[in-house]
There are 2 protein chains.
Amino acid sequence: MKKLTLLTIASVIIFSCKTEQKEISKSPAKFSVEEKKDSTNIKHLFNTALTQGKSYEWLRDLTSNIGGRLSGSPEAAKAVIWGEKIMNEVGLDSVWLQPVMVPHWVRGEKEEANYTINGNKINVPICALGFSIATPTNGITAEVIEVKSLEEAKKLGDKAKGKIVFFNGAFDNTLIHTFKAYGGCVGQRFAGASVVGPFGAKGMIVRSMTNGINDYPHTGSMGYGDIAKEHQIPAAAISSRGAENLSKHLKNNPNLKFYFKQSCKTLPDAPSFNVVGEIKGSLNPDKIMVVGGHLDSWDLGDGAHDDGTGIVQSLEVAYLFKKNNIKPKNTIRIVFFMNEENGMKGATEYARLAKENGELHIGALESDAGGHTPRGFSIDANQKNVHLLQSWKKLLAPYGLHDIDKGGSGADIGPLKDDHVTLVGYRPDSQRYFDYHHTVTDTFDKVNKRELELGSASMASIIYLMDKYLYTNETLKP
Amino acid sequence: MKKLTLLTIASVIIFSCKTEQKEISKSPAKFSVEEKKDSTNIKHLFNTALTQGKSYEWLRDLTSNIGGRLSGSPEAAKAVIWGEKIMNEVGLDSVWLQPVMVPHWVRGEKEEANYTINGNKINVPICALGFSIATPTNGITAEVIEVKSLEEAKKLGDKAKGKIVFFNGAFDNTLIHTFKAYGGCVGQRFAGASVVGPFGAKGMIVRSMTNGINDYPHTGSMGYGDIAKEHQIPAAAISSRGAENLSKHLKNNPNLKFYFKQSCKTLPDAPSFNVVGEIKGSLNPDKIMVVGGHLDSWDLGDGAHDDGTGIVQSLEVAYLFKKNNIKPKNTIRIVFFMNEENGMKGATEYARLAKENGELHIGALESDAGGHTPRGFSIDANQKNVHLLQSWKKLLAPYGLHDIDKGGSGADIGPLKDDHVTLVGYRPDSQRYFDYHHTVTDTFDKVNKRELELGSASMASIIYLMDKYLYTNETLKP
């Protein structure tokens with residue numbers, strides 16, 4: 001027993017030893033006096049988020065008590081009231097609602113789909129795509145023609161006539177950043193119907209936008225573009241496993257008949273709101289930095305990672321500033337944008353009003369890539385500010401923020417783009433994101449508390465630095 | 001509708017744009033000819049893992065069909081047979097079992113614990129610690145004395161007499177690397193009983209080793225050190241929420257009586273095995289590099305993250321080499337170590353035999369920190385090889401491997417330590433690890449396929465580079 005115990009102690013010691021990793025406080029030696037101050041303030045932001053953070057409980061409340069909140073729905077209306085309430089609880093200097101009319105698409109009854117092989121009816125998990133029209137009441141039954149891309153579909157011509165076109169282009173899983181794989185496929189979902197409708201196709205189905213093989217259909221936005229009303233056809237997503245199986249069966253049974261039924265429809269536009277709150281700048285109250293995500297979500301899940309996490313992290317930036325008594329020079333404005341998922345009306349209206357009111361935005365940060373462990377930021381700005389943000393790497397790397405690259409920012413802050421505005425997208429790890437994206441599994445239990453809080457603190461840290469150092473219109477001039 | 005659609009298209013374009021991130025193939029410009037070759041080979045390893053990887057299905061098999069596999073248990077014996085089988089399936093040049101006697105502790109019946117406040121009986125989720133003795137058949141009932149650290153416990157003296165000592169030191173959640181927080185607390189679990197037993201305490205309970213507040217007791221190893229048999233007391237872990245509540249109640253009810261019962265015991269040592277397989281080196285077959293994890297696990301969950309992922313990733317390194325027709329110069333030896341969790345007998349025996357047989361180990365890589373998204377490697381080696389491994393950062397960073405630091409390696413490869421042996425610990429992201437560690441939630445569904453496969457490829461990449469470039473005994477000489 002003694003020998004055993006000694007070995008076990010050795011194991012614990014080795015284990016303890018193996019966990020020796022650099023922690024933040026250890027390497028401020030290479031920092032200038034000002035950088036040391038920044039490093040300390042950033043550490044405080046992280047400490048507060050990890051020990052007194054509010055984001056996780058806010059998210060629990062939003063996802064569990066309201067759930068999915070598609071634009072125009074009663075849940076979206078509840079989310080607006082909820083958003084205003086928690087902004088007030090944080091004690092922002094002012095909170096207000098920005099009215100905006102939004103599209104109002106409803107899913108209707110649960111969709112169904114199947115086909116028959118050797119006398120066995122095979123059900124396929126399916127969901128209508130946002131903005132799709134319904135099928136006739138009895139559904140659509142037709143032969144299937146499979147393509148792997150929009151380009152292939154464009155060449156179908158008459159071959160598509162009377163058929164259901166099946167877009168089965170899969171994610172390129174060799175791409176490390178899963179959003180890149182999404183970017184390579186999502187055109188099928190968005191534009192597939194507008195390409196094959198004019199050929200006389202009866203309907204379109206698309207493989208779900210996800211990395212893995214699973215049983216969940218992933219919804220998302222589609223559009224009919226400029227095509228004539230009579231060419232508009234019902235569009236739906238089937239699960240990736242359903243797509244794999246259908247593709248296999250089509251090889252031996254090219255004439256199998258696929259059936260699907262959906263009763264979705266687009267109602268008249270509905271009134272809604274962006275929820276906005278701000279901490280007034282102590283030195284330059286007229287200079288504004290936006291921090292935001294989107295309040296609406298798809299209806300299938302609870303909109304946890306998309307984009308509940310972005311919402312609560314954005315507000316937590318303000319909370320962390322207040323808790324640490326950081327008084328920003330410029331105005332920090334928290335925005336819960338409405339209708340990112342299907343219309344972008346909230347973002348468009350926010351930018352329009354900003355212009356109409358002559359507001360001076362100097363920066364914006366968006367969190368809309370999930371609530372996973374932090375990886376970095378993507379910067380859409382003039383070269384001087386890109387270099388500036390990249391110079392903060394040594395302050396941010398201890399928190400896992402290594403990827404500070406020039407690139408896109410976010411859909412909701414995109415309309416603020418201007419050469420003197422620094423747009424930043426928060427970039428958490430992307431590996432798990434498309435397991436949940438736009439589907440029934442996007443629920444609270446998929447979010448890890450620490451990962452969420454580390455994200456809030458990461459965002460607060462870059463806003464702290466941007467507020468202090470960003471080159472603005474006057475300082476950009478030579 | 002048209003306007004809406006255009007906006008939606010804009011949204012998709014912006015989204016696509018925002019996802020623009022550097023992918024691997026883009027920046028080989030700064031690479032030398034040899035680095036370009038390495039970069040290409042590494043990319044192939046990742047592509048293979050992400051499209052033809054086997055690790056996820058191996059892990060599903062191990063965790064679902066065998067489950068938890070504590071040393072000496074029937075499940076551990078099954079895991080040995082399973083390990084030998086999958087090593088043979090991969091087609092290693094040779095596969096063998098290395099006999100080793102291991103401790104055999106069994107949990108017995110489900111533990112129970114409770115206390116009563118204002119007439120209400122409060123049940124507490126509890127589990128015995130590995131190597132603890134049982135309570136008497138009727139359990140233990142005693143007053144509780146709470147401490148927050150081993151240091152505090154050491155000062156208890158007579159105050160502990162007749163009491164249950166409650167170690168309630170919590171993780172320091174401000175530490176970014178959760179293993180560091182674990183390191184700061186685990187001494188309570190491991191040595192608590194040996195400190196307070198000699199004071200006459202009747203039992204010890206410890207707050208579970210986890211970051212969050214949840215309802216799962218987390219087991220783990222403990223030891224009685226050199227204390228006399230009559231001072232050995234039953235030791236158990238209670239859930240973190242149970243600990244929080246107990247602590248609150250003790251403030252108003254310092255004399256409450258806590259009851260717990262467990263029937264665990266240590267049986268005679270049992271025969272078991274390390275499972276070993278290798279690809280023979282093409283140039284230096286006598287120089288060996290180990291890649292491994294541990295096959296045993298705690299009994300409460302299925303040993304998915306701890307350390308099923310390490311096992312399957314280690315074997316996948318060999319699989320990826322074979323699939324890509326990479327013939328290592330040195331011998332790559334895959335080792336599934338037995339008994340890491342409670343005794344380290346497998347690791348000790350492996351190192352003893354290596355010495356006895358005069359084997360020349362030049363490197364070793366261990367994966368025993370979970371199967372989450374890759375972050376880097378920790379290196380325990382001479383300065384020349386530390387610098388060498390750090391010089392590969394630009395090859396590895398595109399895969400999220402930024403943290404390539406000097407530090408510890410792993411418990412199972414630790415006994416191979418020598419100035420000419422380069423020991424490396426694979427370091428995935430640690431944020432979620434202690435949600436599952438040593439508890440019932442450590443199951444297959446917590447592992448993400450891509451994160452697991454990225455880990456395998458990360459490990460294969462560093463082994464590929466180590467095999468090619470590592471300074472060994474002769475090249476280390478001036």
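**Reading the model**

Author: A disulfide is a covalent bond between the sulfur atoms of two cysteines. This is a predicted model, in which local features need pLDDT of at least 70 and side-chain atom pairs count only at pLDDT 80 or more, while totals for chains, interfaces and linings use all residues. Residues are numbered from 1 along each chain as its sequence is written, chains are lettered from A and ligands numbered from 1 in the order in which they are written, and side-chain values use heavy atoms, with hydrogens and water left out.

Reader: Are C185(A) and C127(B) buried or exposed?

Author: Buried means under 20% relative accessible area, exposed over 50%, and partly exposed in between, with a 1.4 Å probe and protein chains only. C185(A) counts as buried because its relative accessibility is 5%. C127(B) also counts as buried, at 2%.

Reader: What does the model score in ipTM and pTM, and what is the mean pLDDT of chain A?

Author: The pLDDT is the predictor's confidence in each residue, from 0 to 100. For chain A its mean is 94, and 94% of the residues reach 70 or more. Residues 1-26 of chain A have a pLDDT below 50; beyond near neighbours in sequence, this stretch has 59 contacts in the model, a contact being heavy atoms within 4.5 Å. The model as a whole scores ipTM 0.94 and pTM 0.95.

Reader: Which domains does the assignment give for chain A?

Author: Domain bounds come from an automatic or database domain assignment. For chain A it gives domain 1 (31-105 + 268-476) and domain 2 (110-263). The contact between them takes 18 residues from domain 1 of chain A and 22 residues from domain 2 of chain A. Taken over C-alpha atoms, the centres of these two domains of chain A are 34 Å apart.

Reader: In what order do the strands of the open sheet in chain A stand?

Author: Helices (H or I, at least four residues) and strands (E, at least two) are DSSP runs, numbered from the N terminus, and two strands pair if DSSP finds at least two bridges between them. In chain A, 8 strands form an open sheet with mixed pairing, in the order 3-2-9-5-6-7-8-4. Strand 3 (120-123) and strand 4 (126-128) of chain A are at the edges; each has a single partner strand, so one side of each lacks a neighbour in the sheet. From one strand to the next the twist averages 35°, with axes as lines fitted to C-alpha atoms, for helices over the stretch in contact, and angles from 0 to 180 degrees between N-to-C directions.

Reader: How many bridges join strand 6 and strand 7 of chain A?

Author: Strand 6 (residues 164-167) and strand 7 (residues 203-207) of chain A pair in the parallel sense over 4 bridges. Within this part, F166(A) has I205(A) in strand 7 of chain A as its bridge partner. Helix 6 (residues 178-196) of chain A lies across strand 6, strand 7 and strand 8 (235-238), at about 155° to strand 7 of chain A.

Reader: Which strands form the edges of the open sheet in chain B?

Author: The sheet has 8 strands in the order 1-10-12-11-13-16-14-15 of chain B, with mixed pairing. Its edge strands are strand 1 (94-106) and strand 15 (403-406) of chain B, each pairing on one side only. Direction ignored, neighbouring strands are turned by 20° against each other on average. Strand 10 (residues 265-279) and strand 12 (residues 330-337) of chain B pair in the antiparallel sense over 5 bridges, and I279(B) has I332(B) as its bridge partner in strand 12 of chain B.

Reader: Where is the cis peptide bond that involves D307(A)?

Author: The bond runs from D306(A) to D307(A), with omega near 5°. D307(A) is found in helix 8 (residues 304-323) of chain A.

Reader: What is phi of H438(A)?

Author: Phi of H438(A) is near 65°, a positive value in a residue other than glycine. H438(A) is placed in the loop between helix 12 (433-436) and helix 13 (449-469) of chain A, and is buried, with a relative accessible area of 6%.
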